[in-house]
Amino acid sequence: MKIAILSPLERTCLHWISRGWAVTDIALIEGKDTAEIEVCVERAVISLNADSVEQALEKMKLMRSD
């Protein structure tokens, strides 16, 4: 199985989304524009070969080593 490589910001965005945070909130705490966060999430979904954010989150759970 190929391991997806996500940027630190992509991982952070997925983490916050998994906790129920909105993209606008993530943008605020990360000091980024909302559009930047949306693109970041889209890149993470593509990198994880997922069809949705929800599927990307499930794949991230499977990749966690803790």
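Mentor: Of the 66 residues of the chain, 27% count as buried, where buried means under 20% relative accessible area, exposed over 50% and partly exposed in between, with a 1.4 Å probe and protein chains only. This is a predicted model, in which local features need pLDDT of at least 70 and side-chain atom pairs count only at pLDDT 80 or more, while totals for chains, interfaces and linings use all residues. Residues are numbered from 1 along each chain as its sequence is written, and side-chain values use heavy atoms, with hydrogens and water left out.

Trainee: What makes the buried residues of α1 line one face of the helix?

Mentor: In helix α1, residues 8-18, the buried residues are Glu10, Cys13, Leu14 and Ile17. Seen down the axis of α1, they fall within an arc of 95°, and therefore line one face; the arc is that of the directions from the helix axis to the C-beta atoms. As background, an α-helix has 3.6 residues a turn, so residues three or four places apart point the same way.

Trainee: Why is Trp16 called partly exposed?

Mentor: Its relative accessibility is 23%, so Trp16 counts as partly exposed, because that value lies between the limits of 20% and 50%.

Trainee: Why is the aromatic pair of Trp16 and Trp21 called tilted?

Mentor: Rings of Phe, Tyr and Trp (its six-membered ring) pair if their centres lie within 6.5 Å, and planes under 30 degrees apart count as stacked, over 60 as edge-to-face and the rest as tilted. By this rule the count comes to one aromatic pair. Trp16 and Trp21 form that pair, at 4.6 Å centre to centre and with 45° between the planes, so the pair is tilted.

Trainee: What makes Trp21, Leu28 and Ile29 a nonpolar patch?

Mentor: A patch is made of residues with over 30% relative accessible area and no salt bridge, with like charges joined within 9 Å and nonpolar side chains (Val, Leu, Ile, Met, Phe, Trp, Tyr) within 5 Å. Trp21 has a relative accessible area of 35%, and Ile29, in helix α2 (residues 23-30), has 43%, so both values pass the 30% limit. Together with Leu28 they form the patch, with about 320 Å² of accessible area.

Conventions:
Accessible areas come from the Shrake-Rupley method with a 1.4 Å probe; for residues, only the protein chains shown count as cover. A salt bridge is a side-chain nitrogen of Lys or Arg within 4 Å of a carboxyl oxygen of Asp or Glu. Helices (H or I, at least four residues) and strands (E, at least two) are DSSP runs, numbered from the N terminus.
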